[in-house]
Amino acid sequence: MSYPIFNAAEAVLRVERHSLRVQQPASVGDMISLAMGEPDFDTPPRIVQAAVDALHAGFTHYSPLLGDKELCQALASEVSAQSGNPVKSGEVLVTHGGTAGLAAAILSIVNPGDRVVIPDPTYSLYADLVNMAGGICIPMPCRADLHWDLERLSLVLEGAKLFIFCNPGNPTGIVHSREEIETLGRLVSIHDTLVIADEAYSDLVFTDRPFTSVLQIPAFTGRTLYCQTFSKSFAMTGWRVGYLAGPSEMIKAAARVHNTVNGSVNSAVQRAALVAIRECKDDIKRMYDVYRERRQLMMEGLRTIPELHLNEPEGAFYCFPAYSQNIPAIDMVSLLREQGIAVRPGSEFGAAGEGHLRLSYAASSDAISEGIRRLKRGLAGLK
């Protein structure tokens, strides 16, 4: 029997040709992993119990396509409180985690040939989704301190349909100042550019200055999809629940993509998310305090390694040091695995990330201390 020759769709091939995302082997044995992008905390018990209660209460059927009505109302209140503007029905979409929210947002905006500006380095999923849609990624290298080069940003936004960014930054740990966000708002208004703002780590800011969300800056109104998730703040990565907020016409388009690809989000999970947002702000604070301690521990350890240069991380749970050896990041990561330490290569996040490593302090203090010891030994051995 003969079988047809299968060729993947061009959308798949575009992602395969251009993707920088790296699949590392699973960390087994005594390997210390500082590569993870998720909290090591268990989901708070109140949230788990809320899902159990929801299942017993019959939340086992399809939910409305935009999301559970009570959850949408609660999210609308959250967004309204930040922006100072009332959020109407149809301006919030509950999604299968932040990932599906980003996918729905990007695929609902980008046409083949559209120019899309992304900072470099940044979260690699953005470029993959732009390539899937047939858009053209325009990377914007950041300054040496990993903040935006605002003069360069003004130039690359010329003719761009969309700008995508995360704040706080993954992998850099940068938190953009109010001045930077206001300047971005002015520039996208001048160039008539749409914006996707991924603020997944907004509850994890360690600077003295208040966090500035796009929701607080009027220039972003009417042109921005705000992307958020329950994964990081509430340690709910496996629950897969996030949301988009923005103008009704943009939400409607994103919902068309999300509903076509994903359908409605798990009903019981949405009821758990409702309890999270209503009752579990103290759990966010509890985990935040631990992250603050771990951040300090990691920074102090990295600063004892002469082969590294660290820009102080301001948010999220990542450090992004540059190393001095002339070795590609992907090879450096392989060499460090031989020392029993797993980290992410900076080149996974863009060409400007080459020569860097991403380390996560969403790990136990013992793992951080031992991981730093192995990292120091590994880098010293490469001299």
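Phe-206 is buried, with a relative accessible area of 6%. The model is a predicted one. Tyr-288 is likewise classed as buried, at 14% relative accessibility.

The structure contains 15 aromatic pairs. One of them is formed by Phe-206 and Tyr-288, which are stacked, with 5.0 Å centre to centre and 20 degrees between the planes. This pair connects distant parts of the chain: Phe-206 lies in the loop between β6 (194-198) and β7 (224-229), Tyr-288 lies in helix α10 (residues 281-302), and the two are 82 residues apart. Elsewhere, ring pairs join Phe-41, Tyr-201, Tyr-291, Phe-317 and Tyr-318 into a cluster.

Cysteines are the next topic. A disulfide is a covalent bond between the sulfur atoms of two cysteines. The whole structure has 0 disulfides. Cys-137 takes part in none, and the nearest cysteine sulfur, in Cys-166, is 14 Å away. For Cys-227 the closest cysteine sulfur also belongs to Cys-166, at 10 Å; a disulfide needs sulfur atoms within 2.5 Å, so this distance is too far for a bond.

Arg-377 sits in helix α12 (residues 365-380). Arg-377 and Gln-339 are 38 residues apart in sequence, and their C-alpha atoms are 7.8 Å apart in space.

Relative accessibility of residues discussed here:

| Residue | Relative accessibility | Class |
|---|---|---|
| Phe-206 | 6% | buried |
| Tyr-288 | 14% | buried |
| Cys-137 | 21% | partly exposed |
| Cys-227 | 2% | buried |
| Arg-377 | 38% | partly exposed |

Notes: Residues are numbered from 1 along each chain as its sequence is written. This is a predicted model: local features need pLDDT of at least 70, side-chain atom pairs count only at pLDDT 80 or more; totals for chains, interfaces and linings use all residues. Side-chain values use heavy atoms; hydrogens and water are left out. Helices (H or I, at least four residues) and strands (E, at least two) are DSSP runs, numbered from the N terminus. Buried means under 20% relative accessible area, exposed over 50%, partly exposed in between (1.4 Å probe, protein chains only). Rings of Phe, Tyr and Trp (its six-membered ring) pair if their centres lie within 6.5 Å; planes under 30 degrees apart count as stacked, over 60 as edge-to-face and the rest as tilted.
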